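Here is a short briefing on one protein chain. Look at the structure first, then read the points below.

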Amino acid sequence: MSAKKLLIIGLVWPEPRSSAAGTRMIQLVDVFLVKGYQITFASAASKSEFSYDFSKTRVVEQEIRLNDESFNTFLKELMPDLVIFDRFMIEEQYGWRVQQECPNALKILDTEDLHSLRSARQQSGKKKQAIDLFSDTAKREMASILRCDLSLIISEVEMEILKVQFKIDPSLIYYLPFLENEITPQNIENWVPYEDRADFVFIGNFLHEPNWDTVQVLKTKIWPLLRKKLPNAVLNIYGAYPSQKVLQLNNENEKFLIKGRAADSREIISKHRILLAPIQFGAGVKGKFIDAMQVGTPSATTSVGAEAMRGELVWNGSIEDDPELFVEKAAKLYQDKNAWQTAQQNGVKIINERYATKYYTGKFIKDIEKLASNLSIHRQNNFFGQILNHHTVQSTKYMSLWIEQKNK
């Protein structure tokens, strides 16, 4: 029996050392590689020096063009059994071509996080109004979810919102969190001990709006108070793609240091005593906390930051939304070795009980293969999806063909 063919269409070439989205994508690729799938990763984006090097794997790379019929030719030649769209914008751009050329391919949307939820929370904070989930972005994102056979959701909170607020049928969404190696006693033994660690750290890709917002909160609300309590401590800010406005916040007198890109985020986090992340808005689950738990670094964050990450378990540090209480708890955690070690152990429990790869990958592959073998029935049950595919194929198709002609 020949290997099943998987085509992944990427919004960008994954950068696991720059963002959690990049890490997530490589985790997905690894799941399918282990199961023997023949994988092609295609993207119309330009590569950067930080793009993941697929040449060391069995993954075939394919550059594609947006709004170009050469993609249809490529699809006809490849004839994938499965197609994964990296975020809803990619499904909007390429979904109709996949539907046209490979009608029997299983279409999976990897949402990364719900973009409409993140955007709604951001707008709510800016306008000081209640959250309005039903934006134009939400309409686009839900339409994309309905057009696909299955959407991967990284957060249980998002699963709930999709089912309750948006009335999405549970058969169309699939909970698949970060897939992590378990933390072993050997790992713990190699962690940097409390005494050998110093200072606070924040890390996050600056192309991601919630990270830039968090750094501003640190600069204006958190760090001025925390410095008074711990005058010798330093706050080191790391993150890929810092703009000029980020770099301008660097202030040695305030011990607020902008360090730019981290070559290895886990190694950097492991040297610090606390990860500080007073995140104000966002969605999904946060890769920075996974990294911190993996190297035994407790975190001080907000309820949005820790959302959907711990289930019923105790957080690996503190969760607080009020800036003054946030500072108080972070300072206590920093100074109290026993509390710090307890927080560290809570992190081990969260990783091992909620994110261990062994709980998800086998079942995930089994479930999507079962879905693929019952695809026509599954699609009949998703009649709204069929309606959207019918209409969207027409509208998106002609818009795309118009751009194609214009480009000639």
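Ala308 lies in the loop between α12 (303–306) and β13. Helices (H or I, at least four residues) and strands (E, at least two) are DSSP runs, numbered from the N terminus. This is a predicted model: local features need pLDDT of at least 70, side-chain atom pairs count only at pLDDT 80 or more, and totals for chains, interfaces and linings use all residues. Residues are numbered from 1 along each chain as its sequence is written, and side-chain values use heavy atoms, with hydrogens and water left out.

- Most residues other than glycine have a negative phi.
- Ala308 is not a glycine, yet its phi is positive, near 65°.
- Ala308 counts as buried because its relative accessibility is 14%. Buried means under 20% relative accessible area, exposed means over 50%, and partly exposed is in between (1.4 Å probe, protein chains only).
- Glu112 is another residue other than glycine with a positive phi, about 70°.
- The loop that holds Glu112 runs between β5 (106–110) and α4 (115–127).
- Glu112 has 9% relative accessibility, so it counts as buried.

**Around Phe289**

- Phe289 sits in helix α11 (residues 287–294).
- Phe289 has a relative accessible area of 0%, so it is buried.
- What does Phe289 touch, leaving aside its neighbours within four places in sequence? Its contacts (heavy atoms within 4.5 Å) are Leu275, Ala277, Ile279, Ser299, Thr301, Gly305, Met309 and Trp315.
- Phe289 and Ala306 are 17 residues apart along the chain, and their C-alpha atoms are separated by 8.3 Å.

**The six-stranded sheet**

- Strands of a sheet pair through backbone hydrogen bonds, either parallel or antiparallel.
- Here six strands form an open sheet in the order β10-β9-β8-β11-β12-β13, with parallel pairing. Two strands pair if DSSP finds at least two bridges between them.
- The edge strands, β10 (256–260) and β13 (317–319), each pair on one side only.
- Neighbouring strands in this sheet are turned by 20° against each other on average, direction ignored. Axes are lines fitted to C-alpha atoms, for helices over the stretch in contact, and angles run from 0 to 180 degrees between N-to-C directions.
- How many bridges join β8 to β9? Four bridges link β8 (residues 200–203) and β9 (residues 235–238), and these strands run parallel.
- Phe202 has Ile237 in β9 as its bridge partner.
- Helix α8 (residues 209–229) packs on the sheet and touches β8, β9, β10 and β11 (274–277). The direction of α8 makes about 165° with that of β8.

- The axes of α3 (residues 88–101) and α5 (residues 136–147) come within 9 Å and cross at roughly 60°.
- On the α3 side, Phe88, Met89, Glu91 and Glu92 meet Thr137, Arg140, Glu141, Ser144 and Arg147 of α5.
- The residues in this contact divide into two nonpolar, two polar and five charged. Ala, Val, Leu, Ile, Met, Phe, Trp, Tyr, Cys and Pro count as nonpolar, Asp, Glu, Lys and Arg as charged, and the others, Gly among them, as polar.

**The whole chain**

- The protein chain has 17 helices and 13 strands.
- Of its 408 residues, 55% count as buried.
- The C-alpha atoms fill a box of roughly 65 × 45 × 40 Å, taken along the principal axes.
- Among contacts between residues at least 6 apart in sequence, 71% join residues at least 24 apart.
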